[in-house]
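Hi,

Here is the structure we talked about handing over. Please load it first, then read the notes below.

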Amino acid sequence: MSRRRWPAAVCALVTAAAAIAVATPAQAANPIITSIYTADPAPLVVGNTMYIYAGRDEAPTGGTNFVMREWHVLSSTDAATWTDQGAKANIATFGWAGADAWAGEVEPRNGKYYWYTSVNGNGAGWMNIGVAVGDSPLGPFTDAKGGPLISDSTANSSGLNIDPTVFVDDDGQAYMYWGGYWGPRAVRLASNMIDTVGSVVTPTGLTNYWEAPWMFKRNGLYYMMYAANDTSGCVTNSNYACQRYATATNPMGPWTHRGIVLGQVSSTTNHAGIVEFNGQWYIVYHNANAPGGGNFRRSVAVDRLYFNADGTIQQVVQTTTGPPPNPGGGGGSGTNLGPSATASTSYVSAWENLSAINNGGTPANSQDRSNLAYGNWPQQGTQWIEYQWPAARSINKSSVYWFDDNQGIDLPASCALQYWNGSQYVAVTGQSTCGVAGNVENVITFNAVNTTRLRLQITSRSGYSTGVLEWKAFQS
Ligand code: FUB
């Protein structure tokens, strides 16, 4: 398990300022950036932009250790097309550090952006947590403290002081979790975000914790995702890792393990973050899938993340396409609003995927499962699929590409569109024929509705269930 014996100084001294080369936007695909190797992604949404703070892997081909000297910022306004904004911090940002620009995360507070990093100090011990601060998501960033926030000399610190995740709760209290080598730690932060308050504690309930925690809150519940490398359902070889998660009703725990968010990836390390952007949830993670990639030449990928109604997380489907563009509500006339909607249904078969309907796939024919398929076998009669947006959208056109597996799922007998008028679902008016043809996009026009929810009612042929490969709803 060579990755657990990282040498104390694998990086050359940083002698130059951060590179400022800025790549042109990369088209949607995973990995999202291939002009350089990137790792340990930490997402942050500010306004209409998603930022990803990532380390840069510079190990040579065949290298067997990390060579990491700087941190880059990647940005996107639709979660699909990404721009490398260049290196915005590096080892020299911290005058007391000498090597190993490992995982970091940025947390905003009071108009400032605090970048917590893992970095090797020049003094005794190995890895430390440093903190830089800037006035914008792109910096410039400077050392906020002039020394480590956490080091090997911090009482009860982790066996490896890396991978900080910082979370500011609604009441203003900030928390930091971190740690590697199976040693998670937690501490409160002062409101200045650069001092700890109280003792470092060892959180409980993070079953099989290895490293790389990521904390967030949703619907009043605290979530902790983290890398694990056990062979009891996580990975087949403990040189690799998966992402497990736990939930808690208190930000300091105790935590209750809930399952796996992200299975094994193609790199040995597995490091991820979760964020909500334009009404959808995303996971950002790294793998070794870029050309020439490897365990020390990793690349960041992005995929959609789905919650179940009870707040549990569905295991991520890793794609090579990445998510469809999600520009939010400002896409303009003719924009397909499906990818920015939250989908729900009256029923989906356990082996099919509701996410198929708005994942931006372009089916080749009605049997094409390459971008997943929604099906409701063994249900018959009328079922529905529905889109919901956080704010009202004006919609006057839709299209549906039916799924027909030539088995229990057949083209429907009929369909109809409804919208939520604020108190109930009603039929759209002026609807053109809701087509039921296979192997084509069936386009439906209607008088524009201003609504937060659109529903497609699907009635099956006798003896069959129905399915959908892609459903679009167009902004008027
Ligand atoms: O990138 C260096 C280290 O590898 C990170 O700090 C860990 O989380 C692992 O991804």
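**Asn359 and its surroundings**

A polar atom of the Asn359 side chain lies 2.7 Å from the backbone oxygen of Asn371. Keep in mind that this is a predicted model. The side chain of Asn359 also has a polar atom 3.1 Å from the backbone nitrogen of Gly361. Asn359 itself sits in the loop between strand E20 (342-345) and strand E21 (374-375). Neighbours within four places in sequence aside, Asn359 is in contact with Pro324, Asn371, Leu372 and Glu470.

**Overall layout**

The protein chain has 26 strands and zero helices. Its radius of gyration is 24 Å, close to the 23 Å from the globule rule for 476 residues, so the chain is as compact as a globular protein of that length. Along the principal axes, the C-alpha trace spans about 75 × 45 × 45 Å.

**The two domains**

The chain is divided into domain 1 (8-305) and domain 2 (338-475). By that division, Asn359 falls within domain 2. The C-alpha centres of the two domains are 38 Å apart.

How much area do domain 1 and domain 2 bury between them? About 300 Å², with 25% of it on carbon and sulfur atoms. Of the area that domain 1 buries against domain 2, 84% is supplied by Gly279, Gln280 and Arg304, more than by any other three residues.

In terms of contacts, four residues of domain 1 meet six residues of domain 2. Polar contacts across this interface come to three residue pairs, both partners at pLDDT 80 or more. The side of domain 1 that touches domain 2 has three polar residues, one charged residue and no nonpolar ones. How many salt bridges are there between domain 1 and domain 2? The count is zero.

**Backbone points to check**

Two cis peptide bonds are worth a look.

- Asn30 to Pro31 is cis, with omega near -5°. Pro31 is in the segment before strand E1 (37-46).
- Gly253 and Pro254 are joined by a cis peptide bond, with omega about 5°. Pro254 is in the loop between strand E15 (242-248) and strand E16 (256-262).

There is also a phi value to note. Asn156 is a residue other than glycine with a positive phi, near 60°. Its place is in the loop between strand E8 (142-143) and strand E9 (165-168).

Best wishes

How values were computed. Residues are numbered from 1 along each chain as its sequence is written. This is a predicted model: local features need pLDDT of at least 70, side-chain atom pairs count only at pLDDT 80 or more; totals for chains, interfaces and linings use all residues. Side-chain values use heavy atoms; hydrogens and water are left out. Domain bounds come from an automatic or database domain assignment. Contact means heavy atoms within 4.5 Å. Buried area is the accessible area (1.4 Å probe) that two parts lose on being put together, summed over both. A salt bridge is a side-chain nitrogen of Lys or Arg within 4 Å of a carboxyl oxygen of Asp or Glu. A polar contact is a pair of N or O atoms within 3.5 Å; within protein, one must be able to donate a hydrogen and the other to accept it, and residues adjacent in sequence count only if both atoms are side-chain atoms. Ala, Val, Leu, Ile, Met, Phe, Trp, Tyr, Cys and Pro count as nonpolar, Asp, Glu, Lys and Arg as charged, and the others, Gly among them, as polar. Helices (H or I, at least four residues) and strands (E, at least two) are DSSP runs, numbered from the N terminus. The radius of gyration is taken over C-alpha atoms; the globule rule is 2.2 Å times the number of residues to the power 0.38.
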